[in-house]
Amino acid sequence: MLLHLSTRFDPQRDAASWLARQSLAAAPRGADADNFLESLETLHIVNVERNGNIIYTLKGILGHTCIGLYDPNSKTNEHLYTFEKDLHVISCSVNNEKTLLAVSFLQSTEEVRANLLFQPVSKCLTWLIEICPVNDVKVLKAVDSRIRVQFLYPVAEAHAFPESCLLLISEDKYVEKFDIRVVKEGHTAVIENPSHLPKEKIADDFIWIQWDTLEQRLFYIVPKRSRDILNCVQFYPDKSFTLILEVPLEFSLTDTGLKLVNLECDYYQGQETGPQPLNLQVFTSEKGCMCICHCITPVNPGEVTYSVFFLHKGCSKTYTVALERTDSLQAKDILFFNLDYYVAIFLPGHFLHLVNAQYPDLMCYNFFLTGEDAKINGLHKSTIVSPLKSVVLDLSTGRMFTLEINKQALLQFLWNSKLDGDRLATLHCLLLHVGSTTELETEIIKWISENTSTCFTFDPIQEFIIASLYWRMCPEAINLNKLLPYTSLVCWNELIPGITCTTHINSLPVLKAHNCKGFWGKLVSSLECVKCDESHLRFDSKVLWREWEKLRLDKLMYALFQRTGLKGITTYMATVFEYAKKVLSNFNTWSTEGRLVPLFQDEDDQQQLLTGLMAVQLKDHLMRHLPYVSKKRIEEIAVDYVSKLLDLTYRIMENVWKKYNLDSWVFSLGQRGTSNEILVFHFMCRMLRAARGMCLPLPPGFHTLHTGLGVRCLPLYTLLLYVDQGVLHLTETCVLKLLKELDNTEKKEKLKLAILTRLPEAIGNKVGQLPSHPVVSTTVVRNYVKLLFEKLRNKWPSMLLVDRSSAQIEFLPLNYLVAILTEVDHQDTARELIAFENVIGNEAIETVCCLVNLGWILELETLQNPVDSSQ
């Protein structure tokens with residue numbers, strides 16, 4: 001079971017003992033415990049206020065109707081008012097100061113019949129009662145239609161309203177707001193001028209209405225000729241309100257009766273039969289998401305169809321689920337819950353669908369669960385409502401629960417999942433909703449190390465790194481959540497068993513207010529991103545890859561530009577390497593002590609170049625889209641992002657190191673690798689593939705360690721194949737260590753020779769320039785020269801020896817150019833000779849001199865830098 005219920009209010013646990021004391025104190029002699037238990041069974045919750053206070057009614061032992069309040073923060077009960085007769089309370093609300101109580105109730109049938117003999121009597125009465133202490137009562141409404149009452153509450157951080165504001169919502173399809181001023185007369189709080197309470201009409205002629213208690217918003221739908229209109233009124237702490245949103249709906253509604261959402265907790269009315277009103281709800285989240293959930297009458301009796309309109313994305317998705325059994329389902333049987341990050345669609349006994357409200361584009365980030373995973377234990381089927389975000393109320397028992405995603409169940413679901421869609425949804429939920437922590441990351445890395453090869457449509461290493469970085473970085477600065485990538489996927493085209501989805505593009509809503517803050521400001525920001533094509537706002541590894549390829553080519557000219565004093569590329573390269581130093585400095589300060597994985601702090605120019613380039617590109621990207629943030633702050637964010645990326649990569653290696661018990665492993669190339677080392681080596685290959693797939697830098701020393709494990713674990717042919725294919729990257733540290741540690745046996749000499757012939761030019765020059773380089777084996781030198789001769793002999797038939805100095809052309813300037821090029825050629829030949837002499841050692845000088853005397857040094861040079869013989 002993915003969703004977990006924790007009890008928020010239980011009458012037996014939280015109210016029974018207090019009610020027992022109150023009842024026994026007021027009960028006549030002879031009343032026993034059975035009378036009290038019968039009374040406790042009549043407890044029903046009638047409202048949940050913004051501050052979490054729960055208002056309930058109870059039939060007393062004497063037949064009275066009592067109204068009580070439970071405070072979940074202090075876990076105390078409080079008596080508010082008692083009617084000395086049996087009443088059916090429809091709605092009830094208390095103001096923030098607990099000085100006024102508004103109650104709407106139905107008179108009993110017997111009482112109405114008795115009064116009808118004398119005068120007409122209204123069925124529903126709405127009272128405003130002074131309760132500090134209980135004093136006067138004012139009748140606000142006396143009508144036949146039912147009235148719901150709701151006091152407005154200030155935001156939690158603000159002071160109380162100077163006046164109490166009360167909303168009256170009538171089934172005659174109008175809403176009124178009363179402004180009530182309370183004054184102190186001694187120790188009594190009384191209503192000032194109760195006969196002339198200011199009131200104003202908020203809305204009318206609607207067919208559906210919803211109250212958002214937490215955010216103090218009133219949503220309602222007004223039917224129009226062209227399209228129905230969704231309106232939203234926002235109430236503020238200063239008693240003002242604004243019609244802030246009008247959205248034409250993309251679907252038409254049938255008026256089958258007024259539907260009130262979050263305005264009633266009437267168990268008896270829920271049991272009534274007849275035409276069912278609209279099953280529609282509006283959900284908002286703190287991130288600026290707004291969704292409309294609507295249950296559609298199915299065409300096929302064996303299917304359930306519902307739509308979710310993502311107003312903040314300008315799109316909607318219609319889902320169709322084929323059911324194994326129908327059980328005479330009705331539209332009201334489908335329940336919608338707001339879990340903030342997710343919208344939950346629950347059909348008890350059939351399925352649970354968690355729709356990602358913040359990132360609805362990819363279907364793989366939704367959960368569609370059936371069977372045991374879809375159960376929510378402790379809830380009855382037909383008596384569930386959700387008065388608050390992540391809160392459900394069971395009307396039949398009076399119990400209230402907090403609904404949340406169970407982290408342990410998520411981890412178990414991850415291990416048990418066989419489909420890539422379920423795995424992606426779980427990883428996304430754990431890392432971006434539950435929140436990435438050290439303990440949670442460790443558990444996920446354990447799963448990745450065992451299941452990387454079983455994921456076919458995504459790379460779990462990439463997904464883990466990108467999602468964890470997103471979670472860590474988004475609190476750093478405003479709107480980073482729209483500029484940084486949250487997923488490694490570009491698209492998802494796989495089908496999810498049991499459900500089909502169709503997507504529609506809708507027009508974007510327009511707010512009627514300007515300069516909005518809070519939720520509305522975030523909604524405006526989301527809508528602006530949709531207008532600008534949100535996919536282009538996020539930092540893209542494809543752009544980084546293109547720049548990386550260009551910079552690798554430019555780096556070949558870097559040394560020449562430095563020698564000649566020219567600028568341009570040199571300046572940009574210097575900037576890139578400077579940022580690389582900042583990133584590595586930041587990375588090294590986090591966990592320099594007690595590192596488990598033996599990473600060598602070697603200078604890998606390629607990785608440094610990529611590290612610095614990523615920081616520079618990210619900085620430029622953020623500066624384009626965050627012009628109001630200082631350059632220094634953006635530089636810090638860019639450096640921090642890349643540093644945390646390297647740290648995450650290291651943490652993956654560290655956890656894998658622990659998993660395979662390599663705690664005491666010593667980096668030595670002279671021994672064969674164990675079975676655990678082979679597993680670690682292949683996992684590092686997957687890490688390398690994941691990094692290259694998204695052009696991500698790796699921690700310094702990664703390639704040295706990876707190649708070292710390859711030398712220990714792979715046979716020679718496979719090792720050389722990995723080097724030739726670019727899987728293993730030869731570094732200076734690894735090559736020097738290999739040449740120093742390996743003995744002079746035939747097998748090791750063969751390995752040394754193979755490595756020498758594959759050395760990159762930069763490393764070969766560095767190795768050759770060392771005063772005491774380890775290439776002292778005569779066998780290696782002779783075999784190396786023999787290899788050059790064999791290559792030379794294979795090329796002999798196609799060689800064309802040209803005396804470059806004998807070519808004379810009558811055009812004198814061209815003759816002069818040829819002479820200069822020839823002189824440069826001779827100088828390059830001499831340098832090649834010196835470099836070659838340094839590499840093969842003093843014992844081979846004589847052999848090389850023979851080659852020079854034979855005139856073949858030009859061909860040796862050609863072997864190092866092949867050119868077309870026709871030139």
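This is a predicted model: local features need pLDDT of at least 70, side-chain atom pairs count only at pLDDT 80 or more; totals for chains, interfaces and linings use all residues.
D340 is partly exposed, with a relative accessible area of 21%. You will find D340 in the loop between β25 (335-338) and β26 (342-347). Now look at its backbone: D340 has a positive phi of about 75°, although it is not a glycine. Most residues other than glycine have a negative phi.

Next, select N262. N262 sits in the loop between β20 (259-261) and α4 (267-270). With a relative accessible area of 22%, N262 is partly exposed.

One more backbone stop: select C132 and P133. The peptide bond from C132 to P133 is cis, with omega near -10°. Most peptide bonds are trans. P133 belongs to the loop between β8 and β9 (134-143).

Now move to F235 and F241. This aromatic pair is tilted, with 5.8 Å centre to centre and 40° between the planes. F235 counts as buried at 5% relative accessibility, whereas F241 is partly exposed, with a relative accessible area of 27%.

The count for the model comes to 24 aromatic pairs. For a group of rings, select Y341, Y342, Y359, Y365, F367, F413, Y470 and Y486, which ring pairs link into a cluster. Keep F413 and Y470 highlighted, as they return at the next stops.

**Helices side by side**

Two packed helices are described by the angle between their axes and the distance between the axes. Select helix α5 (residues 407-416) and α6, whose axes are 9 Å apart and pack at an angle of about 150°. α5 and α6 are therefore roughly antiparallel to each other. The crossing of α5 past α6 is left-handed. Which residues meet here? On the α5 side they are K407, L410, L411, F413 and L414, and on the α6 side D422, R423, T426, L427, C429, L430 and V434. The residues of this contact divide into 8 nonpolar, 1 polar and 3 charged.

From α6, the contact uses L424, L431, L432 and G435, and from α8 it uses E463, F464, A467, S468, Y470 and W471. Coloured by type, the residues of this contact divide into 7 nonpolar, 2 polar and 1 charged.

**Zoom out**

Finally, show the whole protein chain, which has 24 helices and 33 strands. How many residues are there, and what share counts as buried? There are 871 residues, of which 51% count as buried. Among contacts in the chain with a separation of 6 or more, 61% come from residues 24 or more positions apart.

Terms used. Residues are numbered from 1 along each chain as its sequence is written. Side-chain values use heavy atoms; hydrogens and water are left out. Contact means heavy atoms within 4.5 Å. Helices (H or I, at least four residues) and strands (E, at least two) are DSSP runs, numbered from the N terminus. Ala, Val, Leu, Ile, Met, Phe, Trp, Tyr, Cys and Pro count as nonpolar, Asp, Glu, Lys and Arg as charged, and the others, Gly among them, as polar. Axes are lines fitted to C-alpha atoms, for helices over the stretch in contact, and angles run from 0 to 180 degrees between N-to-C directions. Angles under 35 degrees count as roughly parallel, over 145 as roughly antiparallel, 65 to 115 as roughly perpendicular and the rest as oblique. A crossing is left-handed if the near helix is turned anticlockwise from the far one by less than a right angle, and right-handed if clockwise. Rings of Phe, Tyr and Trp (its six-membered ring) pair if their centres lie within 6.5 Å; planes under 30 degrees apart count as stacked, over 60 as edge-to-face and the rest as tilted. Buried means under 20% relative accessible area, exposed over 50%, partly exposed in between (1.4 Å probe, protein chains only).
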